[in-house]
Amino acid sequence: MPDYKVYIGQDELLFCNPQSIGEIYKIHGCASSPESMILTQEDYESYNSKNAYLAAKLITIFIEHPIIFIGYSLADSNVRAILGSIVKCLGKDKIGDLQDNLIFVQRLKSGEKEAVASSIMVIDDFQLPITIVKTNNFAEVYGAINAVERKIPTRILRYCKEQIFELVKSEKPEKKLCVVDYENIEETSDIEFVVGLGVIDKHTSKIGYRGIKTKDLYEDLLFANKKFNATTILTETIPQLTGYLPVYKYSELSTSGLQNRIKMVIFV
C-alpha cells in the first residue's frame, strides 16, 4: 500500500493530525524501529498505560468504522482492552450495533470448514457480538476488500481531507482554482481547492470553466487530453479570454456545431 501514510507506535501519531483515511497504524511497532516493538510480557502489560493516546484513537476508529482483524488472536490482551473500553462506553443496549463492525479472520483448525458466522466474545461480563471468518486462503479476503468500489481513490480522499484542515487552520489560504484530473495528482502539495456552502444548481460547474486559460485550450488542441465540454468552453471560457483562440475545435464539437454540420450536409 505505497500511497498510505504509516504511523509506527504512538510517538509518530502525536501532533501529526492523522486523517483516519489511507493510514496504517503499526500499534505493536515495526522492525524498522526496534525500540517501538511490543514483544515481551512486560511490553504488553505496560502498553495501555504508555499508549493512552493511541488507545483512544483506536477506540474512535473501532466505533465509527467496520474493522477486519487479520492476524490478531481473539486473546490478544491489547485488542481485548480496547474492546473492553468500547463495551463500557456503549452499554448493553448499544452493543448489538457492533455485530457487523467487528470481523475476525482466523485460520481453520483441524476438521473445520470455511465459514462466515456470528459469534460472541465475552469481555468483562459483557457479551460482545462479532463476526468470524474462517479460511486458510487469505487471498480471497484481500480480494473481497479490494473489490469494494471507491468513487474517489483513498490517496486523493486523504489529501483532500488534509487540505481542508489546512485551509481552515491557515490565516492566508491560497486563492487559486484549477481543473486537474485526479489521476495526475501525485502529492499533497498538488491539491488546492475551494469548499462552498449553499445551494448547488446545474450552473455550478461552469464556474470552473471560467478559470481555464488560453494555454489550456492550446494544450487540448494539440494533445486532446482535457476532455472539456465544447459547448461550455464556447459559452463560458472563450468570452473571458482575448487573443487568438482555437475556437473552431470546439465549435465543431459543440451541440450547435454538430447541428450546423448536419444542416450543411442536407443543404449540399
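## Reading the labels of a predicted model

Modeller: Ala-224, with a relative accessibility of 56%, counts as exposed. The model is a predicted one, in which local features need pLDDT of at least 70 and side-chain atom pairs count only at pLDDT 80 or more, whereas totals for chains, interfaces and linings use all residues. Residues are numbered from 1 along each chain as its sequence is written, and side-chain values use heavy atoms, with hydrogens and water left out.

Biologist: Why is Ala-224 called exposed?

Modeller: The label exposed requires a relative accessible area over 50%, buried requires one under 20%, and partly exposed covers the values in between (1.4 Å probe, protein chains only). Ala-224 has 56%, so the label is exposed. Lys-227, at 77%, also counts as exposed.

Biologist: How do you know where a helix or a strand runs?

Modeller: Helices (H or I, at least four residues) and strands (E, at least two) are DSSP runs, numbered from the N terminus. The chain has 10 helices and six strands.

Biologist: Why is Ala-230 of helix α8 assigned to its accessibility class?

Modeller: Ala-230 is placed in helix α8. Its relative accessibility is 8%, so Ala-230 counts as buried. Of the 268 residues of the chain, 32% count as buried.

Biologist: What makes the pair Glu-112 and Lys-134 a salt bridge?

Modeller: The term denotes a side-chain nitrogen of Lys or Arg within 4 Å of a carboxyl oxygen of Asp or Glu. In Glu-112 and Lys-134 the closest N and O atoms are 2.9 Å apart, so the pair qualifies. Glu-112 lies in the loop between β4 and β5 and Lys-134 in strand β6 (residues 126-134), so the pair ties together parts that are 22 residues apart in sequence. Glu-112, at 28% relative accessible area, is partly exposed, and Lys-134, at 25%, is partly exposed.

Biologist: How do you know which residues Glu-112 touches?

Modeller: Contact means heavy atoms within 4.5 Å. Not counting residues up to four places away in sequence, Glu-112 touches Arg-107 and Lys-134. Over the chain, 59% of the contacts with a separation of 6 or more are between residues 24 or more positions apart.

Biologist: Why is the arrangement of α1 and α2 given its name?

Modeller: Helix α1 (residues 41-50) and helix α2 (residues 52-64) pack at an angle of about 80°, with axes 6 Å apart. That angle makes α1 roughly perpendicular to α2, since 65 to 115 degrees counts as roughly perpendicular, under 35 as roughly parallel, over 145 as roughly antiparallel and the rest as oblique. The axes are lines fitted to C-alpha atoms, for helices over the stretch in contact, and angles run from 0 to 180 degrees between N-to-C directions. Tyr-47, Asn-48, Ser-49 and Lys-50 of α1 make the contact with Ala-52, Leu-54 and Leu-58 of α2.

Biologist: What makes the group that includes Leu-222 a nonpolar surface patch?

Modeller: Patches consist of residues with over 30% relative accessible area and no salt bridge, where nonpolar side chains (Val, Leu, Ile, Met, Phe, Trp, Tyr) are joined within 5 Å and like charges within 9 Å. Leu-222, found in helix α7 (residues 214-223), has a relative accessible area of 66% and is exposed. Tyr-218, Leu-221, Leu-222, Phe-223 and Tyr-244 make a patch of about 640 Å².

Key
Areas by Shrake-Rupley, 256 points an atom, 1.4 Å probe, with all protein chains shown as cover.
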